Amino acid sequence: SEETPSEETETDTTPPSYPCTPDQLSPYDATTPYLGIHGDAGNSDVIPCDTASSFEEVWHVLKGHAIPQPNTFSPDGSVTYVTAFPAAGISMCTLFALNAETGETLWCEVLPTSVAASSVEVDEDGMLYVGAASAIYSYTPDGEERWKAILDAGEGGSLLEKSFGVHFTQSGHVATVTIEGRVILLNRGDGRVVVDFDLKEAYGFVSPTSSLPDGLDLVSFFPEASISDLEKAFDGRDAANVTLSNFLGVSGNFTD
């Protein structure tokens, strides 16, 4: 009898999937994969996930820029958004939209350098939201400004009304907290202020009389190689010390 020819086995070229199901402990949302909330008893900032045993670099862009916050993605994963301190002589942009497959810059915007302290939030329609100085900005996926909401009575330059981040509420508003302690909810469609709640006034909080003890130079505690970067990023030593005091919690200021 004739033997039936064996069929050639097709090679599966589908890339492996590495699912990550967060398992945060109470009081944090069990499904939120956000490292900044120190979700375990050891404050390890580790979320256990299946992943590859090794990685191969595909592209490397924005060399020379300082990027302190995580990048975020468009709903379909094709574009990644990142905020960065500008690199002198390279680019003055501080907000970038990058092709996730090639690393190509699709568009970028020049916003105040404080934008680098925040990640870009993206809604299900692909619209972008980010805080810079004392304003919240919204952009289309193509980089067109939809609206700009200034938080300090129209001036746009108040240090105390600076916002270091934006989030979404369950009802779909954009939420931010200013350094001075105003919780502000904005309409996602047009940037209109829906709620402006003053924490200090409501609860009687009292700010310290001085942001920093006299003569304390926080920048001097950093390695020499980092000091010049801090001074460049924050436009001088004094401004770097103020910003560091905000981050380190010795100022009495509020954060997101």
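## Asking why: strands, a disulfide, a helix and a pocket

Modeller: Let's start with strand 6 and strand 7 (residues 135–139), which are joined by five bridges and pair in the antiparallel sense. Please keep in mind that this is a predicted model.

Colleague: What makes strand 6 and strand 7 count as a pair?

Modeller: Two strands pair if there are at least two bridges between them. Strand 6 and strand 7 have five bridges, so they meet that cut-off. You can look at one of the contacts yourself: Gly-131 has Ile-136 in strand 7 as its bridge partner. The two strands also form a hairpin with two residues between them, and there Ala-133 takes a positive phi near 55°.

Colleague: How do you know that strand 5 (residues 121–122) pairs with strand 6?

Modeller: Strand 5 and strand 6 run antiparallel and are joined by two bridges. The cut-off is at least two, so strand 5 and strand 6 count as a pair. In this pairing, Glu-121 stands opposite Tyr-129 in strand 6. Here too there is a hairpin, with five residues between the strands, and Gly-126 in its turn has a positive phi of about 90°.

Colleague: Why is strand 6 (residues 128–132) called mostly covered?

Modeller: Five of its five residues are buried. Leu-128, Val-130 and Ala-132 point one way, Tyr-129 and Gly-131 point the other way, and both sets are buried.

Colleague: Why is Ala-175 called buried?

Modeller: Buried means under 20% relative accessible area. Ala-175 has 15%, so it counts as buried. Its place is in strand 10. The C-alpha atoms of Ala-175 and Leu-186 are 6.4 Å apart, although eleven residues separate the two along the chain.

Colleague: How do you know that Cys-93 and Cys-108 form a disulfide?

Modeller: The cut-off for the two sulfur atoms is within 2.5 Å. In this pair the sulfur atoms are 2.0 Å apart, so the pair counts as a disulfide. The structure holds one disulfide. The pair links distant parts of the chain, with Cys-93 in the loop between strand 2 (79–83) and strand 3 (95–99) and Cys-108 in strand 4 (residues 105–109).

Colleague: Are these cysteines buried or exposed, or in between?

Modeller: They fall into separate classes. Cys-93 has 8% relative accessibility and counts as buried. Cys-108 has 30%, which lies between the 20% and 50% cut-offs, so Cys-108 is partly exposed.

Colleague: How do you know that the buried residues of helix 2 line one face?

Modeller: In helix 2 (residues 224–233), Ile-227, Leu-230 and Ala-233 are buried. Seen down the helix axis, the buried residues fall within an arc of 135°, so they line one face. On the other side, Glu-224, Ala-225 and Lys-232 are exposed. After the helix comes Asp-235, with a positive phi near 60°.

Colleague: What lines the second largest pocket?

Modeller: This pocket, with a volume of about 380 Å³, is lined by 18 residues. Those nearest its centre are Phe-85, Pro-86, Asp-229, Lys-232 and Ala-233. By class, the lining has eleven nonpolar, four polar and three charged residues.

Colleague: Lastly, why does Leu-218 count as buried?

Modeller: Its relative accessibility is 11%, and the cut-off is under 20%, so Leu-218 is buried. You will find Leu-218 in the loop between helix 1 (199–203) and helix 2.

Methods
Residues are numbered from 1 along each chain as its sequence is written. This is a predicted model: local features need pLDDT of at least 70, side-chain atom pairs count only at pLDDT 80 or more; totals for chains, interfaces and linings use all residues. Side-chain values use heavy atoms; hydrogens and water are left out. On a 1 Å grid over the protein atoms alone, a cavity is a set of points where a 1.4 Å probe fits but cannot get out, and a pocket is an open set with protein on both sides within 12 Å along at least five of seven lines; lining residues have an atom within 4 Å of a point. Grid points are joined across faces, edges and corners, and a volume is the space filled by probe spheres set on the points. Ala, Val, Leu, Ile, Met, Phe, Trp, Tyr, Cys and Pro count as nonpolar, Asp, Glu, Lys and Arg as charged, and the others, Gly among them, as polar. Buried means under 20% relative accessible area, exposed over 50%, partly exposed in between (1.4 Å probe, protein chains only). Helices (H or I, at least four residues) and strands (E, at least two) are DSSP runs, numbered from the N terminus. The arc is that of the directions from the helix axis to the C-beta atoms.
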